[in-house]
Amino acid sequence: MEICNGVSVDSAFGSKLPSLAAALMLLWLCFTAPLIHAISKNQYAEALSKSILFFEGMRSGKLPADQRVTWRRDSALSDGSTSHVDLSGGYYDAGDNVKFGFPMAFTTTMLSWSVVESDHKLDEAGELKNAKNAVRWGSEYLLKAAATPNQLWVQVGDPNSDHNCWERPEEMDTPRPAYQVNAKNPGSDVAAETAAALAAASMVFQTAEPAYSRKLLSVAKKVFTFADRYRGAYSDVLKSAVSPFYSSYSGYKDELLWGAVWLYKASRDENYLRYIMNNGPDLGGTISTYLLSWDNKYCGAQVLLSKVFFSGKHKSLQAYKNRADDCVCSLLPGVPSSQATITPGGLLYHDSGSNLQYVTNAAFVLLTYSDYLASASQTVISCGGTLLTPDRLATFARRQVDYILGDNPKHYSYMVGFGYSYPQQVHHRASSLPSLQQHPARIQCGEGYSWFSSSKSNPNPLVGAVVGGPDRSDNYNDVRSNYQQAEPTTYINAALVGALAQLHASTAS
């Protein structure tokens with residue numbers, strides 16, 4: 001029976017009649033259906049290109065000759081020198097000038113996952129090389145950070161001093177201490193995430209650069225052994241250096257599971273699968289969770305393990321497939337097991353601070369799981385008794401990405417440089433201050449606040465940056481001081497790369 005816009009009860013829910021809640025969800029999809037294809041294939045290609053370009057604006061260290069964001073210059077070249085180690089390179093996490101290792105590793109993992117799932121799609125869009133370069137910029141730094149056994153450098157820069165200044169990264173003079181975890185002061189969360197990042201990156205380079213891939217995987221294995229053998233949360237050790245900025249709120253068990261999953265995927269070593277089977281329940285892997293984030297990796301691990309389950313060789317992973325169902329169901333509105341809050345304009349809303357990080361991760365997970373289900377010829381999943389097709393997951397994911405790109409009540413793009421109306425006062429030091437080319441004279445710590453307080457647009461648009469996004473009522477205040485809404489982060493964009501690649505490939509010309 002057709003309800004609207006070609007959507008039928010059978011296609012959406014199988015043979016079972018929908019409950020009232022499910023019917024309301026179907027109506028919500030119907031009313032938003034005219035918006036779903038508002039973003040064209042060419043626009044997805046443009047957004048994909050810009051989402052990757054953004055990472056060049058976030059680079060630290062010695063910039064390469066082919067650097068495309070030309071208003072940036074070399075920065076933080078002496079990072080690690082006071083500890084007699086080279087820690088130059090890597091990414092600044094957001095609008096500040098600190099290199100936080102925990103979100104940087106997660107960014108590298110998600111960028112790598114995006115490439116692993118969509119390498120051919122990225123190639124067709126002409127962006128595979130750029131995407132790989134973005135992964136490499138993270139993986140090269142993580143190799144430096146993990147160079148010594150049973151020791152991992154996890155941060156460069158004093159965040160408290162940094163956050164009291166508004167300086168260009170090219171000339172910052174705030175303290176740059178390097179922080180580490182080790183056998184006596186463990187950090188299983190950041191170490192296991194680093195292992196996941198290196199293992200995932202090894203898959204990106206497996207075919208074209210096998211020697212580099214092997215190096216990444218070898219270091220990943222050592223870092224994971226360190227993370228598992230010396231257990232503890234890194235924020236318990238480093239305290240105010242990382243808290244409240246990137247405290248390990250969910251603990252370290254999710255990262256141990258996540259790291260083991262990536263090592264199994266990258267190596268196909270059955271020892272990692274046995275580790276998952278033996279330790280997964282104790283690590284919390286078989287509990288239902290909601291959302292994937294830099295802090296909580298359970299949903300991602302469960303989705304990855306579902307693909308192993310679908311191969312038919314490991315039926316003992318049924319519980320993880322069931323939990324993957326629970327996770328994606330919790331993201332969708334109108335089903336009995338939903339935990340989603342949806343704004344009046346249709347955006348998934350979780351938190352007032354940097355909400356779009358949850359949206360981009362959710363969109364990528366939904367699109368990826370939809371592909372896994374379709375490839376396994378699984379036509380429906382059960383969400384609290386309501387049956388949904390893989391297409392329903394993909395439709396909601398597309399709606400989220402389209403909202404970010406401007407298909408929303410404000411007709412406002414939350415990606416800088418995309419569309420006709422987008423954020424002008426992004427909360428980002430390098431973007432908001434004049435470049436060295438424009439203003440060669442030094443800008444001291446406090447002097448930068450005259451630009452911070454200005455009502456003018458940023459002089460250097462950080463093209464491709466996705467900001468924190470609107471509030472629960474779809475409102476956005478484009479003011480530089482509004483860091484909760486106006487600050488971009490690497491881990492907002494990382495999963496968006498994969499989501500855009502998939503949407504570009506699946507959209508008709």
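In which helix is Glu-193 found? Please take that residue first, then go on to other elements.

Reply: This is a predicted model. Glu-193 is found in helix 7, which covers residues 188-204. The relative accessibility of Glu-193 is 0%, so this residue counts as buried; the cut-off for buried is under 20%.

Next, the neighbours. The side chain of Glu-193 makes a polar contact with the side chain of Thr-109, at 2.7 Å.

Three strands form an open sheet, in the order 3-4-5, with antiparallel pairing. Strand 3 (99-100) and strand 5 (178-182) are at the edges. Each has a single partner strand, so one side of each lacks a neighbour in the sheet. Strand 4 spans residues 151-156 and is joined to strand 5 by 5 bridges. These two strands run antiparallel. Gln-151 stands opposite Asn-182 of strand 5.

Last, another helix. Helix 14 holds 20 residues, 356-375. Of these 20 residues, 17 are buried, so the rest of the structure largely encloses helix 14. Its length also checks out. At 1.5 Å a residue, helix 14 should span 28 Å, and its end C-alpha atoms are 28 Å apart, which agrees. Ser-377 follows helix 14 and has a positive phi, near 55 degrees.

Conventions: Residues numbered from 1 in each chain as written. Predicted model: local features only at pLDDT ≥ 70, side-chain atom pairs only at ≥ 80, totals over all residues. Heavy atoms only, no water. Helix = DSSP H or I, 4+ residues; strand = E, 2+ residues; numbered from the N terminus. Expected span 1.5 Å × (residues − 1). Buried < 20%, exposed > 50% of the residue type's maximum accessible area, 1.4 Å probe, protein only. Polar contact = N/O pair within 3.5 Å; in protein donor to acceptor, adjacent residues only side chain to side chain. Pairing = 2+ DSSP bridges.
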